[in-house]
Amino acid sequence: MINAEAINSMADKTLRLILGDQLNYNHSWFEKTDHSITYLMMEIRTETDYAAHHIQKTAGFFAAMRQFSHFLKSKKHHCIYLKINDKGNLQSFEANLSFLTARDHYNRFEYQLPDEYRVDLILRNFTSQLAIPFKVYDTEHFLSTREELGKFFEGSKTFLMESFYRAIRKKHRIFMSGDAPMTGQWNYDQENRKKLPKNHRPPAPLVFSNDVSDIVETILQTDIKTIGLIEKNNFIWPINRDQSLELLAYFTRECLPLFGSYQDAMLPGEWSLYHSRLSFSLNTKMISPSEVIQAALTAWQEKPGRIAFNQLEGFVRQIIGWREYMRGIYWLKMPQYASLNFFNHSAKLPDWFWTGRTKMNCLKEALTQSLASAYAHHIQRLMITGNFALLAGTDPDEVDKWYLGIYIDALDWVEITNTRGMSQFADAGIVGTKPYVSSAAYIDKMSHYCGTCFYNKAKKTGHKACPFNSLYWNFYDKHESKLAHNPRIGMIYKLWHKMKPEDKTALLEQADYYLKNINSL
C-alpha cells in the first residue's frame, strides 16, 4: 500500500516566491485559485541588513507585504508568510526556500523577475542547483523589458533619455497622433522650472494613519539597524492598493494642475508640495505605471481648462521617461555600474547627513525632512544633498548607501542610476550629459531657503560665505582635465580662466577650509 505521505509527495505541488517589491494585486498569477500552488513571502535579515534603512522604509515594506498576504488569503490562495521574528525563519531566500521545498515536497518552483541585480543573482544561483523544475515570470508591471533600452541604443555611444522616452510614448501610443506628439511638442521641460511665489501655499499632503506599532516593536526587539524617525501609530505611507489608489486620486485632483510648473521648486517647511509621492506604491507594484498615466490622462481630459498640458507631460515624463530609462540603464550596465567612480572621489559624508544639524539651511531642510518622512523630491535629492556630496568629493559608495537607506522608495535599480549616475556623475556621463552641480545662485533661484540661512548666498569668500559658492569653483578647478572638453560646460571654464589669480586663490582656499571643517558647516 502507498501511504498518505507518499501520495502527498507525488502530487503536483508548486511553490511560488513573491518578493517584497512584487505586490502586484492584478498579476495574472492571482486570477484563479489553484490549491496545488502555495505562495511564499518572507521578511528576512539579508534584506533588512544589506544597508541601514530608514525605519519607515523597513516598517513600510513589512506592512505592505503583510497586507498583500491578507489579500491573497482573502482570495483563497494558499500563502506561507514568514515574519522577521518567526522561529522557523532561516533569514535568507536560499535557506527558507531549500527548507520548505524539502519539508513540503514541492516538485516545482516559480518566481517573478527580480528588479535588483543582487536578488536576481541569488535566485539564479539557487535555481541552478535546484533538483526540481522551475519557471521565471514577468512582473507584468513595467512598460519596457529589461533588455529593451540596450537594444534601442545598440551601436550608440550615448544613451539620451529623451530618445527612449519618445520611443516608449510611440510604443504605447501615449499622447500621440500617428508618430508625432499630439500637441506637436514632445517635451515641456522649459515651462516646468518655476519658483513658488513667496506667499504661495500648496495643498496639504494626503497622509495616512496606519498603525505599525507591532512592526516597529519587532524591529527594535530584533536589533535591526535603522535610521530616521517614525510615528508608529500614524504611519503616513500607503500600505495597500486601496490607499495607493486614494493617493493617486488625490494627486490628480489637487496637485496635478500645478505639478509641472513647480516640480523643481523648494519651500521651507513644505515637504510634499505638488508631488504625487506615489513612488513607494509604484516601486512595490501596488499600482502600475499604466494606471497612473491613465488616471492623469483622464483628469486632464475631464478638466482641460484646469490642467494645462505641460503639467500632464511633466508628470508622465517622470513615469515613462526617467523611471523606465533608469531601469533600462541599470540592467544594461550592471554589475559594473555599481563600482564606477569617474572622479576617484573618496571622502566620507559629513556626520550631519544623519542628523540634519547643519547651518546650511537648504541642507538642513532637505535632511531633516528626509529623516522625518523618508522622502525628498527629485530636486532636493539632485541639487541639494547630491549637489553637496559631489562638490565635497564624496565616495559614490557612501552616497549610494545613504540614498538607498534613507528613502522609502529607494530600491537598487532606481537608486543607483539616479545617484551614482545622474547625481554624482560617477558614470562619466552615461546618464547625465554633465555634472549636476551649482553654486548658491541656482538654489536661491528655485527655493526660498537662502533668505533665512546662516550663510550669505552672495558671498563667495570670507565669514559666512555660502559653502556652495567656493566648493563649486573648487570642483571645476580640480577636475578640469576631465571636464574641460564637455561642450555643455565650456563656458564655466572660460569664466574661471578670466578670473584674477588672487580671486581664484581665495576661492580655492575658502573651499579647502570648508572641506577640512566639513562637519562644522
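Helix 3, spanning residues 55–74, comprises 20 residues and extends 28 Å from its first C-alpha to its last, close to the expected 28 Å at 1.5 Å a residue; the expected span of a helix is 1.5 Å times one less than its number of residues. Helices (H or I, at least four residues) and strands (E, at least two) are DSSP runs numbered from the N terminus. The model is a predicted one, in which local features need pLDDT of at least 70 and side-chain atom pairs count only at pLDDT 80 or more, whereas totals for chains, interfaces and linings use all residues. Residues are numbered from 1 along each chain as its sequence is written, and side-chain values use heavy atoms, with hydrogens and water left out.

Helix 3 is mostly covered, with 16 of its 20 residues buried. Here buried denotes under 20% relative accessible area, exposed over 50%, and partly exposed the range in between (1.4 Å probe, protein chains only). Lys 76, with a positive phi near 70°, follows helix 3.

Rings of Phe, Tyr and Trp (its six-membered ring) are paired if their centres lie within 6.5 Å; planes under 30 degrees apart count as stacked, over 60 as edge-to-face and the rest as tilted. By this rule the count is 48 aromatic pairs. In one of these, Tyr 25 and Phe 68 are arranged edge-to-face, at 4.9 Å centre to centre and with 90° between the planes. Phe 68 belongs to helix 3 and Tyr 25 to the loop between strand 1 (14–17) and strand 2, so the pair ties together parts that are 43 residues apart in sequence. Both partners are buried: Tyr 25 has a relative accessible area of 12%, and Phe 68 has a relative accessibility of 0%. Elsewhere, ring pairs link Phe 342, Phe 343, Phe 425, Tyr 472, Trp 473, Phe 475, Tyr 476, Tyr 493 and Trp 496 into a cluster.

Charged groups are also placed over aromatic rings, the criterion being NZ of Lys or CZ of Arg within 6 Å of the ring centre and within 35 degrees of the ring normal. Lys 13 lies over the face of Tyr 106, 5.0 Å from the ring centre. The charged end of Arg 381 is located over the ring of Tyr 407, at 3.9 Å from its centre.

Grid points are joined across faces, edges and corners, and a volume is the space filled by probe spheres set on the points. The structure contains 3 cavities of 30 Å³ or more. The lining of the largest cavity comprises 14 nonpolar, 4 polar and 7 charged residues, where Ala, Val, Leu, Ile, Met, Phe, Trp, Tyr, Cys and Pro count as nonpolar, Asp, Glu, Lys and Arg as charged, and the others, Gly among them, as polar.

The second largest cavity has a volume of about 90 Å³. Of its 14 lining residues, Asn 361, Cys 362, Cys 450, Cys 453 and Cys 466 lie nearest the centre. By class, its lining has 11 nonpolar, 2 polar and 1 charged residues.

The second largest pocket holds about 440 Å³ of space. Its lining consists of 23 residues, with Ala 51, Asp 397, Asp 400, Lys 401 and Leu 404 nearest its centre. Helix 15 gives the most to this lining, 7 residues. The pocket lining has 12 nonpolar, 1 polar and 10 charged residues.

Backbone features were identified in several loops. The peptide bond from Met 334 to Pro 335 is cis, with omega near 5°, and Pro 335 lies in the loop between helix 12 (309–333) and helix 13. Gln 91, although not a glycine, has a positive phi of about 70°; Gln 91 is buried, with a relative accessible area of 19%.

How values were computed
On a 1 Å grid over the protein atoms alone, a cavity is a set of points where a 1.4 Å probe fits but cannot get out, and a pocket is an open set with protein on both sides within 12 Å along at least five of seven lines; lining residues have an atom within 4 Å of a point.
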